[in-house]
Each structure stands twice: as C-alpha cells, then as structure tokens.
Amino acid sequence: MACVDPSDIPLALLPAASPYEKGRHAIETLNSYSFVTKRTAESSLDLHRLVHGSTRSWLQKKGLLSQQTQVAITRLGEVYPDHNHGSRSKWRRLLPHAKVALLTSPTEQENGARVDLVWKCAMTLHSDGRWKEAEELFVQVMETRKRVLGEEHPDTLTSMANLASTFWNQGRWKEAEELFVQVMETRKRVLGEEHPNTLTSMANLASTYRNQGR
C-alpha cells in the first residue's frame with residue numbers, strides 16, 4: 001500500500017491472504033490503530049498519509065522501495081482491466097494507483113510487467129479521451145519496444161500506431177501522418193500488402209489525408 005496512492009485502495013488490489021481470515025485480521029488490526037480507514041461501501045481502504053510517507057521512507061532506507069514497487073506494479077497489471085468502456089469505472093479507480101507506482105519505478109526499467117502496465121494505462125487514457133496523457137505513455141512504450149524488440153516488431157508498430165492515433169485526435173495531422181506512413185510502409189514490407197494490419201494502417205493514413213482536405 002505504500003507503493004500506490006494512499007486514498008481509496010481497493011481491497012481487490014491487495015494480494016489474497018491465505019487463509020482469508022488472516023488477511024481480514026491484518027486489516028482489522030491496522031484499522032483499530034487508525035493506520036488505515038475502511039470504506040465499507042466501496043470495499044476499499046484509505047492509508048493514513050503519515051503512515052504512507054513513513055513506510056516509504058523506511059522502505060527507501062532499507063533499499064526495498066524499488067523491489068516493493070515492482071511487486072505493486074506486477075499486482076496492478078494482474079487486476080487492471082482492458083480499455084473496454086464497460087470497465088471504465090474500474091480503470092478510473094485503479095489509474096491513480098498505477099500512476100504512483102510507475103512514477104516510483106525508473107523508466108529505464110524495461111521489465112515486461114512495467115511496460116504492460118504503462119500500455120494498459122495508455123490505452124485506458126486513450127479510451128477516456130485524455131489524449132495528451134495517453135501520448136506521454138505511448139511514447140514510453142514505443143521507445144522501450146524499439147530498444148527491446150526492434151523497430152519492425154509487430155508490438156513496436158502497434159505502439160507507433162497508437163501514438164499516431166493520439167496525434168490524430170489532437171488534430172496534429174502532420175505528426176500523425178509521418179508515423180502512419182512509417183507503420184504502413186514497414187507493415188507492407190514485413191507482413192505483406194494484404195495483411196489486415198497493413199490495410200488498417202492504410203485506412204488510418206487515408207483518414208489523416210481526409211482531415212487535411214487532401
């Protein structure tokens with residue numbers, strides 16, 4: 001809990017205790033000392049900000065903050081929903097926690113769990129129409145995938161197309177066009193001219209021309 005936002009921490013985010021009674025007892029103990037406050041209706045906890053800060057300081061002093069942040073990121077990746085509109089209330093609730101965990105984790109840390117969580121956050125921000133925030137995260141994903149997977153990997157190209165889409169939605173046609181052209185040409189070469197992904201990128205580029213009156 002020290003590695004996520006201290007407010008409105010869903011109980012579903014916490015690792016399942018075994019047995020269940022052990023986890024419930026731990027929460028009751030924290031609650032009785034006012035370290036946490038239970039939100040019964042929302043099935044969540046608020047962690048006292050002083051407890052949050054002091055616990056982070058303790059983890060930092062012991063050299064454990066990075067490790068525990070990675071644990072939080074892995075868990076967030078497990079429970080974070082897809083960008084389907086039906087999951088909007090769930091992702092809006094988890095997004096502040098993901099942001100805190102990702103800010104603590106170094107951006108150069110190229111493990112799969114971190115990149116996957118950044119991508120999930122970017123996709124949900126995109127679905128929510130928060131183009132600028134989505135853009136910043138898609139840039140992170142694209143740059144990491146370029147380094148780790150290579151510039152012509154399908155996942156790299158998908159992240160480039162996602163970034164281009166944020167430009168498109170901001171009316172930044174020229175920037176969108178440049179990326180869509182890169183994606184289309186690479187997909188033509190790697191996947192072939194009739195592959196569905198190639199055709200999608202052609203349609204995206206055509207849409208960009210249309211919006212420029214071309």
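**Exercise 1.** What percentage of the 214 residues in the protein chain is made up of buried residues?

*Solution.* The model is a predicted one, in which local features need pLDDT of at least 70, side-chain atom pairs count only at pLDDT 80 or more, and totals for chains, interfaces and linings use all residues. Residues are numbered from 1 along each chain as its sequence is written, and side-chain values use heavy atoms, with hydrogens and water left out. Buried means under 20% relative accessible area, with a 1.4 Å probe and protein chains only. By this criterion, buried residues account for 38% of the chain.

**Exercise 2.** State how many helices and strands the protein chain has, and give their order.

*Solution.* Helices (H or I, at least four residues) and strands (E, at least two) are DSSP runs, numbered from the N terminus. The chain contains 9 helices and 3 strands. Read from the N terminus, the order is β-α-β-β-α-α-α-α-α-α-α-α. The C-alpha trace spans about 65 × 35 × 30 Å along its principal axes.

**Exercise 3.** Determine whether Glu 177 is buried or exposed, and describe its surroundings.

*Solution.* First, Glu 177 is located in helix α8, residues 173–191. Next, its relative accessibility is 8%, so Glu 177 counts as buried. Contact means heavy atoms within 4.5 Å. Setting aside neighbours within four places in sequence, Glu 177 is in contact with Leu 205, Thr 208, Tyr 209, Gln 212 and Arg 214. Finally, the side chains of Glu 177 and Arg 214 make a polar contact at 2.7 Å. A polar contact is a pair of N or O atoms within 3.5 Å, and within protein one must be able to donate a hydrogen and the other to accept it.

Note on methods: Buried < 20%, exposed > 50% of the residue type's maximum accessible area, 1.4 Å probe, protein only.
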